[in-house]
Amino acid sequence: MNYLLVEQLSKSYGEKELFSEITFGIDQGAKVALIARNGAGKSSLLNIICGKELPDSGAVTFRRDIRWAYLPQNPEMNEDQTIFDILFHAENEFMRTIRDYEYSLNLIKHDDSPEAHRMLENSTSKMELIGGWDYDVRIKEILGRFKIADLDQKIGELSGGQRKKVSLAKALIEETDLLILDEPTNHLDIEMIEWLEDYLTRQNLSLLIVTHDRYFLDHVCDEILELDNNRIYRYKGNYSYFIGKKAEREAIELTETEKAKSLYRTELEWMRRMPQARGTKAKARVDNFYEIQEKANKRVEKDTGPLQVKMTRIGGKILELNNIHKAFGENKVVDNFSYIFKKGEKAGIVGRNGSGKTTLLNMITGSLHPDMGKITTGQTIVFGYYSQEGFQPKEDKRVIDIAKDIAEEMPLGKGRISASAFLSHFNFPHTLQYNYFSSLSGGEKRRLFLLMQLLKNPNFLILDEPTNDLDIHTLNLLEDFLINFEGCLLVVSHDRYFMDKIVDHVFVFGSEGKIKDYYGNYTDYYKLKLAEEARLARQKSPVTPPKAIASIQENKPRKPSYKEKTEFEALDGQIQSLEARKKEILDKMNSGACGPDELEKLSRNYQETESALEEKTNRWLELSELFE
């Protein structure tokens, strides 16, 4: 069943053509990723699909009865509205009922009138009728994961990252069949991204998503749409499948282009002779000539290989951190951390948002001082620090002039490369280099700031979330550059693919400012983390007896044991008791005699009872098979 159909869509801005007569569809249950370089038109295409922009030609058709939601890359929200207003604005039955319930629950805290109690009683009854309690739990899970607690907070008080989380939470909360997401993982820490992956994989919905997170693409998406050279290419598989098939496609296109160039020279000579006879045969050959000309003139991207930069000399002493402490009030962010950096090492930093990662970087670079301890930097060390704050020039200059103010040229292993050629290598074409800084997009400004740090030719690079707003092609170029970088590297990133490819070990920020050092890349650390969590879980729960395991593995019918008979008989009574408890809680919630605090407590009890009932029922069904 087709949920979305895009037919013969074209869009240009002035002389720049983004895409021409592209056609594709999104089927029910499909999880589709849209991949393209920065500036190729991904966000414009999503905006056209969602009706925020008009195409030059073509049509977009949604299936009439489906519900869909859109998360833009930079959400626009009314700054005077509260988080509650934004989250519960959707006009579907579930959201209206839950909005009324949450509103009446909040109202009764300030108004103990009979009318307020009647509103709460009515909204509670409606919640029961539509099965809204499960939906309410889902909302609380999403808000809890994104750490959205104060629903009365004004949008104007939120940072850009917090606004993106609120918008993403809104998109996930709404009851939709098709979800359209533009860079949903920006501003999320790794733990949140992994939860989002699992959540979207579990949900029975269709997805159209733009993201540069390659592990996310691998784990969530089963189809890739690539927007390249104004056309759409479709790949039925995840990101790993796409990489192989894209290479095959480009190799075939290169061969066809080379053949067309050879044939073009022959046909061009024929055209120049201007044959007088213009019969059917000659006319067909003329028409064919223009097709060959188009193929021969097709631009083909060639891999220029990684840049081998000649790094500034680095001495014996690099960077030493000795028992450093840092706290903000009662909040400890770094507690008694020591480390000595060695030549050429590449370290990653991971941890939850707000755990202190950027604070550590600021202490290393001297913009912040530790409360205790000492940081010693070697005399030969030249830092290049890409911070999340970005860069604002004192005066508006052209991109090329900003780059040349840092370095006219950059030394390579063999020869040198000009600032202009360096910018071109990282997808700043010559036309863009002569634009003024003020005319750049937010993503282009951050990318320029990153390249400015590389142009300084440092021997110790510190990168704080460098992958935000980079397309996959530029990410690959940056990874190649850093792999060949001979100095030290310290990088904070939520891009797990990037971390796996670059770093030798990771510093993990835990609670109370504790930092642990794990040797290996992010995936190595993640496996250790899962193994540790499994070990702790085994300690908390009883171990399954070996005989029971063997019985399960053999998968042969057997007679129930005495213990299983006793458990099976007891389950009937337990299930009846839980069902009665569930009904009792619902009756209290519907009575209208409960205060807001008691209602919240009853809501939690309801969910706990529901979970226990489901667990007991599943166990009863499992044991009942032994008595057949």
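## Close-up views of a predicted model

**View 1. Salt bridge between R67 and D177.** R67 and D177 form a salt bridge, with 3.7 Å between the closest N and O atoms. R67 is in the loop between strand 4 (57-62) and strand 5 (68-71), and D177 is in the loop between helix 6 and strand 6 (178-182), so the pair ties together parts that are 110 residues apart in sequence. The model is predicted: local features need pLDDT of at least 70, side-chain atom pairs count only at pLDDT 80 or more, and totals for chains, interfaces and linings use all residues. Residues are numbered from 1 along each chain as its sequence is written, and side-chain values use heavy atoms, with hydrogens and water left out. A salt bridge here is a side-chain nitrogen of Lys or Arg within 4 Å of a carboxyl oxygen of Asp or Glu. Helices (H or I, at least four residues) and strands (E, at least two) are DSSP runs numbered from the N terminus. R67 is partly exposed, at 39% relative accessible area; buried means under 20%, exposed over 50%, and partly exposed in between (1.4 Å probe, protein chains only). By the salt-bridge rule, the count comes to 24.

**View 2. Salt bridge between D213 and R496.** The closest N and O atoms of D213 and R496 are 3.3 Å apart, and the two residues form a salt bridge. This pair links distant parts of the chain: D213 is in the loop between strand 7 (206-210) and helix 8 (214-220), while R496 is in helix 17 (residues 496-502), 283 residues apart. D213 is buried, with a relative accessible area of 1%. R496 also counts as buried, at 3% relative accessibility.

View 3. R214 pairs with D495 in a salt bridge whose closest N and O atoms are 3.6 Å apart. R214 lies in helix 8 and D495 in the loop between strand 18 (488-492) and helix 17, so the pair ties together parts that are 281 residues apart in sequence. Both R214 and D495 are buried. A network of salt bridges links R214, E479, D495 and K501. Side chains of opposite charge can pair when their charged atoms come close.

**View 4. Surface patch with D85, D150, D152 and E157.** These four residues, D85, D150, D152 and E157, gather in a patch of negative charge on the surface. Patches are made of residues with over 30% relative accessible area and no salt bridge; like charges are joined within 9 Å, and nonpolar side chains (Val, Leu, Ile, Met, Phe, Trp, Tyr) within 5 Å. Lys and Arg count as positive and Asp and Glu as negative, while His and the chain ends are not counted. The place of a charge is taken as NZ of Lys, CZ of Arg, CG of Asp or CD of Glu. E157 is in the loop between helix 5 (132-145) and helix 6 (160-173). With a relative accessible area of 53%, E157 is exposed.

View 5. S167 lies in helix 6 and counts as buried, at 10% relative accessibility. Leaving out residues up to four places away in sequence, S167 touches L71, P75 and M77. Contact means heavy atoms within 4.5 Å.

View 6. S20 lies in strand 2 (residues 16-27). At 30% relative accessibility, S20 counts as partly exposed. S20 touches L9, S10 and N230, with residues up to four places away in sequence not counted. The C-alpha atoms of S20 and D56 are 9.4 Å apart in space, and the two residues are 36 apart in sequence.

View 7. Q8 has a phi near 50°, a positive value in a residue other than glycine. Q8 is found in strand 1 (residues 2-13) and is partly exposed, with a relative accessible area of 41%. Phi of E512 is near 55°, also a positive value in a residue other than glycine. E512 is in the loop between strand 19 (505-509) and strand 20 (515-519), and is exposed at 53% relative accessible area. Most residues other than glycine have a negative phi.

**View 8. The protein chain as a whole.** The chain has 21 helices and 20 strands. Of its 628 residues, 47% are buried. Among contacts between residues at least 6 apart in sequence, 69% join residues at least 24 apart. The chain exposes about 33,200 Å², and carbon and sulfur atoms supply 49% of it. Accessible areas come from the Shrake-Rupley method with a 1.4 Å probe; for residues, only the protein chains shown count as cover.
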